[in-house]
Amino acid sequence: MTLHRAVRCDTDGCLALFVVPPQLGPDAAVYAARRAGWNVTTSGITARCPACRAGTPVLERGDCPYCCGRTHHISGGERCEYCGHVESYPDDDGAELVDDVEDQEQHEHGQDDVEQLLAAARAEGGVRP
Ligand SMILES: [Zn+2]
Ligand SMILES: [Zn+2]
């Protein structure tokens with residue numbers, strides 16, 4: 001049996017939720033929520049989610065780890081449409097720049113002295129039978 005604690009946003013109509021990892025104590029939970037952008041009182045009684053702080057209360061639940069708001073797929077991750085948090089995919093982006101380097105070889109054209117050979121003897125032979 002696992003106990004899940006969560007910090008809930010106090011704004012009316014806001015569905016934001018910060019799920020506290022079960023291994024965290026109360027103090028660590030408040031600290032973690034604050035790191036996620038929540039405005040949490042030390043008592044943990046009242047809280048304001050990062051989405052409301054940005055002016056956009058969470059109206060639809062999603063996969064945002066910060067406010068449980070709905071996320072949009074962007075290149076390389078998921079972006080929360082409420083608090084704006086971007087959760088990057090763990091995959092490596094694998095972008096490698098490939099440079100095509102072509103070595104330019106200089107071909108030396110040696111000029112061979114053309115010896116003009118004179119065909120001296122041109123003997124017109126007899127008519128072969
Ligand atoms: Zn909120
Ligand atoms: Zn969010």
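Strands β6 and β7 pair in the antiparallel sense over three bridges, where helices (H or I, at least four residues) and strands (E, at least two) are DSSP runs numbered from the N terminus, and two strands count as paired if DSSP finds at least two bridges between them. In β7, the bridge partner of E78 is E87. The hairpin of β6 and β7 has five residues between the strands, and G84 in this hairpin takes a positive phi near 85 degrees.

This is a predicted model, in which local features need pLDDT of at least 70 and side-chain atom pairs count only at pLDDT 80 or more, while totals for chains, interfaces and linings use all residues. Residues are numbered from 1 along each chain as its sequence is written, and chains are lettered from A and ligands numbered from 1 in the order in which they are written. The chain averages a pLDDT of 79, and 65% of the residues score at least 70, pLDDT being the predictor's confidence in each residue, from 0 to 100. Over residues 100–106 pLDDT stays under 50, and for this stretch the model has zero contacts beyond four places in sequence; two residues are in contact if their C-beta atoms, placed from the backbone, lie within 7 Å.

The chain contains two helices and seven strands, and from the N terminus on its elements run β-β-α-β-β-α-β-β-β. Buried residues make up 22% of the 129 residues, a residue being buried if 20 or more other C-beta atoms lie within 10 Å of its own, exposed if 12 or fewer, and partly exposed in between, with C-beta atoms placed from the backbone. Among contacts between residues at least 6 apart in sequence, 33% join residues at least 24 apart.

The pairing of β6 with β7 belongs to an open sheet of three strands, which has the order β5-β6-β7 and antiparallel pairing. Its edge strands are β5 and β7 (86–88), each of which pairs on one side only. From one strand to the next the twist averages 25 degrees, with axes taken as lines fitted to C-alpha atoms, for helices over the stretch in contact, and angles running from 0 to 180 degrees between N-to-C directions. Strands of a sheet pair through backbone hydrogen bonds, either parallel or antiparallel. T71 stands opposite C80 in β6, and I74 stands opposite G77 in β6. The hairpin that β5 and β6 form has two residues between the strands, and G76 in the turn has a positive phi of about 90 degrees.

Within β6 lies R79, which counts as partly exposed because it has 18 C-beta neighbours inside 10 Å. Leaving aside residues up to four places away in sequence, R79 touches T71, H72, I74, G84 and V86. The C-alpha atoms of R79 and C64, which are 15 residues apart along the chain, are separated by 7.8 Å. C68 counts as buried because it has 25 C-beta neighbours inside 10 Å.

The buried residues of α1 are A29, V30 and A33. Seen down the axis of α1, these residues fall within an arc of 95 degrees, so they line one face of the helix, the arc being that of the directions from the helix axis to the C-beta atoms. An α-helix has 3.6 residues a turn, so residues three or four places apart point the same way. On the other side of α1, D27, A28 and R35 are exposed. What covers the buried residues of α1 includes β1 (5–8), β2, β3 (39–40) and β4 (47–48). A33 touches V7, F18, W38, V40 and A47, not counting residues up to four places away in sequence. After α1 comes G37, whose phi is positive, near 105 degrees.

The largest nonpolar core has 24 residues, of which A16, A33, C49, A51, V58, C67 and C83 touch the most other members; such a core is a set of buried Ala, Val, Leu, Ile, Met, Phe, Trp, Tyr and Cys residues joined through C-beta atoms within 7 Å. At least two residues of this core are supplied by each of β2 (17–20), α1 (26–35) and α2, and the largest share, three residues, comes from α1.
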